[in-house]
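I opened the notebook to record what I looked up in this model. The entries follow the order in which I asked.

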Amino acid sequence: RGEMLRDGIEDYEYFVTLRDLIEEKGARLSRQQRAAYEALLTPPDDVYTDRRSYSFDPAPMERHRDKVARAIMELQAR
């Protein structure tokens with residue numbers, strides 16, 4: 001249970017970091033690039049649809065977390 005809480009906090013930090021980088025680097029991005037990065041700020045439906053509907057399977061969120069991490073690294077390199 002503690003590990004799930006730590007993962008949740010880390011996920012939140014990733015989302016905040018990505019949001020901040022989109023704002024910081026947004027002028028350097030094409031409209032399509034910005035839209036693709038912004039889409040990552042919303043967890044996919046197989047992870048979360050609302051406060052009462054979410055997956056207990058960690059795999060979809062782990063895949064999404066990897067995409068968010070790659071986006072963060074790409075934006076930091078710009």
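Where is the place of Leu75? I found Leu75 in helix α3. The model is a predicted one, and I read every value below as computed from it.

**Entry: Leu75**

I looked up the burial of Leu75 next. Leu75 has 0% relative accessibility and so counts as buried. I then listed its contacts, leaving out residues up to four places away in sequence: Leu75 touches Leu18, Leu21, Ile22, Lys25, Leu29 and Tyr37. Of these, Leu18, Leu21, Ile22 and Lys25 are among the buried residues of α1. I also took one C-alpha separation: Leu75 and Arg28 are 47 residues apart along the chain, and their C-alpha atoms are separated by 9.8 Å.

**Entry: the chain as a whole**

I stepped back to the fold. How many helices and strands are there in the protein chain? I counted 3 helices and 2 strands. Read along the sequence, the pattern is α-α-β-β-α. The C-alpha trace spans about 40 × 20 × 20 Å along its principal axes. The chain has 78 residues, and 24% of them count as buried. I also checked how far along the sequence the contacts reach: among those between residues at least 6 apart, 63% join residues at least 24 apart.

**Entry: α3**

I went through the helix that holds Leu75. α3 has 19 residues, and the distance from its first C-alpha to its last is 27 Å, close to the 27 Å expected at 1.5 Å a residue. Its buried residues are Pro60, Met61, His64, Arg65, Val68, Ala71, Ile72 and Leu75. The buried residues of α3 pack against α1 and α2, the latter running over 31-39.

**Entry: α1**

The buried residues of α1 are Asp11, Phe15, Leu18, Leu21, Ile22 and Lys25. What covers them includes α2 and α3.

**Entry: Asp11 and Arg65**

Asp11 is found in helix α1, and Arg65 lies in helix α3. Is Asp11 buried or exposed? Asp11 is at 10% relative accessibility and therefore counts as buried. Arg65, at 15% relative accessibility, counts as buried as well, since the cut-off for buried is under 20%.

I then took their contacts, setting aside neighbours within four places in sequence. Asp11 is in contact with Met61 and Arg65. Arg65 is in contact with Asp7, Glu10, Asp11 and Tyr14. The C-alpha atoms of Arg65 and Asp7, 58 residues apart along the chain, are separated by 9.8 Å.

**Entry: the largest pocket**

I looked up the largest pocket and found about 660 Å³ of space in it. It is lined by 19 residues, and Met4, Gly8, Asp11, Ser55 and Met61 lie nearest its centre. The elements that give two or more residues to this lining are α1 (2-25) and α3 (58-76). Which element gives the largest share of the lining? I found that α1 does, with 8 residues. By class, the lining has 11 nonpolar, 2 polar and 6 charged residues.

**Entry: Pro43**

I ended on a loop residue. Pro43 is in the loop between α2 and β1, the strand at 48-50. Leaving aside neighbours within four places in sequence, I found Pro43 in contact with Phe15, Tyr48 and His64. Phe15 is on the buried list of α1, and His64 is on that of α3. The C-alpha atoms of Pro43 and Lys25, 18 residues apart along the chain, are separated by 22 Å.

Conventions: Residues numbered from 1 in each chain as written. Predicted model: local features only at pLDDT ≥ 70, side-chain atom pairs only at ≥ 80, totals over all residues. Heavy atoms only, no water. 1 Å grid on protein atoms, 1.4 Å probe; cavity = no way out; pocket = protein on both sides within 12 Å on 5 of 7 lines; lining within 4 Å. Points joined across faces, edges and corners; volume = space filled by probe spheres on them. Helix = DSSP H or I, 4+ residues; strand = E, 2+ residues; numbered from the N terminus. Nonpolar A, V, L, I, M, F, W, Y, C, P; charged D, E, K, R; others polar. Expected span 1.5 Å × (residues − 1). Buried < 20%, exposed > 50% of the residue type's maximum accessible area, 1.4 Å probe, protein only. Contact = heavy atoms within 4.5 Å.
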